[in-house]
Amino acid sequence: MTHPISHPGAITPEALHSRLHTRVLAQSVEFYESINSTNRRAMELVDAGAPDGTLILAEHQTHGRGRLARTWHAPPHTSLLFSLILRPPLAPHQAQRATMLCAVAAVEAIAETTGLAAGIKWPNDIVIAGKKLGGILTELQAHGQQLAAIVVGIGLNVNLDAAQLPPLITPATSLAAELGHSVERLQLLVAFLERADALYDRMLAGWSPFALWRQRLVTLGQPVRIATDEGLLEGTATDVDENGALLVTTASGRVQHVLVGDVTGRAAPPTETP
Ligand code: BTN
C-alpha cells in the first residue's frame, strides 16, 4: 500500500477520512496507488474476515475486471476505482440488492456533485445520454444458502478526456467530457459513500432499493437485443423483477426473464401511420 502526496487532486485515505461521515461504509479503508484489481483484493479480504463496509480504493488497476469476463481500463488518477465488501443479512438470490443500491447511490452522487442527470442501463451501467460513464461488477461469496459477503466493484470515468475513453460496446464518456471541466473526485467519492451508507442502513433493516433502482433505469420501454445462452433475444424491455432480472417481451408476446447479459439497442419497430 502506498500513499501518494504529489498528484494534484489525488485521493488520499487521510483526506477521505477527514471528510467522510458514514456509519458502516469505509470505516475500514485499504488504499493502493496501483493494484491488480480492487475486486480481487476485496475477495481476498473477504476470506480474511474483513468487516462489513470495508473499502478498497485504487488510483490505478493493472488487471481491472469488468462484467462478462471483460477488462476495465482507466489511466491513473482519472477515475474512481473501488470495491466495497458488504455483509448484509440476505439470501444469495437477493444479492442484486447491493448492486442496485450502489447504482442508485452513484446516480444520486453524480447529480449532487455535478448536476448531471445520469441513469442506469440494465443491469448496472451508469450512463448519460446513451453513453457509459461507469460500470459495476458484483462478486459473491456464499456457503450454500448462506451469503458470506458481497463485493461490489465500481469504476466511474471522472476526468478522462475524450482521447482516453475506452472503446466499449456502449460508447463511453466521462463526467469531464460531459461537463467540459474536471470534477473533484474526492467530493464525488464522499457523496457516493454517504448516499450508499444511508441506503445501506435501510437495507440492513430489511428495505430493498429495488423501487429506486427501477425508477432510474433508462432501459425500460426500449427495444432491446440481448445475447443470451440460448441465442439472440429481441424484444421490448418491459419491466424488471425484484431480483434484478430484465423482462423482455418478444414480438409474439412471450415474456422472457433475463438475469445476465448485455443490452444493445435496436431500431424501434416502425409505427403505423393512419
Ligand atoms: C462493467 O463491466 O461494466 C463493470 C466494471 C467494473 C469495474 C470496477 S473498477 C473497480 C472494481 N475492480 C475491478 O477489478 N472491477 C471493478
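## The ligand and its surroundings

In this predicted model, the ligand is surrounded by 20 residues, and the closest of them are Ser 37, Gln 61, Arg 65, Arg 67 and Lys 132. Two of these names return when individual atoms are considered: Arg 65 places a backbone N or O atom 2.7 Å from an oxygen atom of the ligand, while Lys 132 has a polar side-chain atom 2.6 Å from an oxygen atom of the ligand.

Two packed helices are described by the angle between their axes and the distance between the axes. For helix H3, which covers residues 96-114, and helix H5, which covers residues 185-204, the axes come within 8 Å and cross at roughly 140°. H3 and H5 are therefore oblique to each other, and their crossing is right-handed.

On the H3 side, the residues that meet H5 include Leu 101, Cys 102, Ala 105 and Ile 110, and their partners in H5 include Leu 188, Phe 192, Leu 199 and Met 203. Sorted by class, this contact of H3 with H5 has 15 nonpolar, two polar and four charged residues.

## Backbone details in two loops

The peptide bond that joins Trp 122 and Pro 123 is cis, with omega at about 5°. Pro 123 has its place in the loop between strand E4 (119-121) and strand E5 (125-128).

Another loop, between strand E2 (55-58) and strand E3 (79-86), holds His 77. The phi angle of His 77 is near 65°, which is a positive value in a residue other than glycine.

How values were computed. Residues numbered from 1 in each chain as written. Predicted model: local features only at pLDDT ≥ 70, side-chain atom pairs only at ≥ 80, totals over all residues. Heavy atoms only, no water. Axes fitted to C-alpha atoms, helices over the stretch in contact; angles between N-to-C directions. Helix = DSSP H or I, 4+ residues; strand = E, 2+ residues; numbered from the N terminus. Parallel < 35°, antiparallel > 145°, perpendicular 65-115°, else oblique. Left-handed = near helix turned anticlockwise from the far one by under 90°. Contact = heavy atoms within 4.5 Å. Nonpolar A, V, L, I, M, F, W, Y, C, P; charged D, E, K, R; others polar. Near = heavy atom within 4 Å. Polar contact = N/O pair within 3.5 Å; in protein donor to acceptor, adjacent residues only side chain to side chain.
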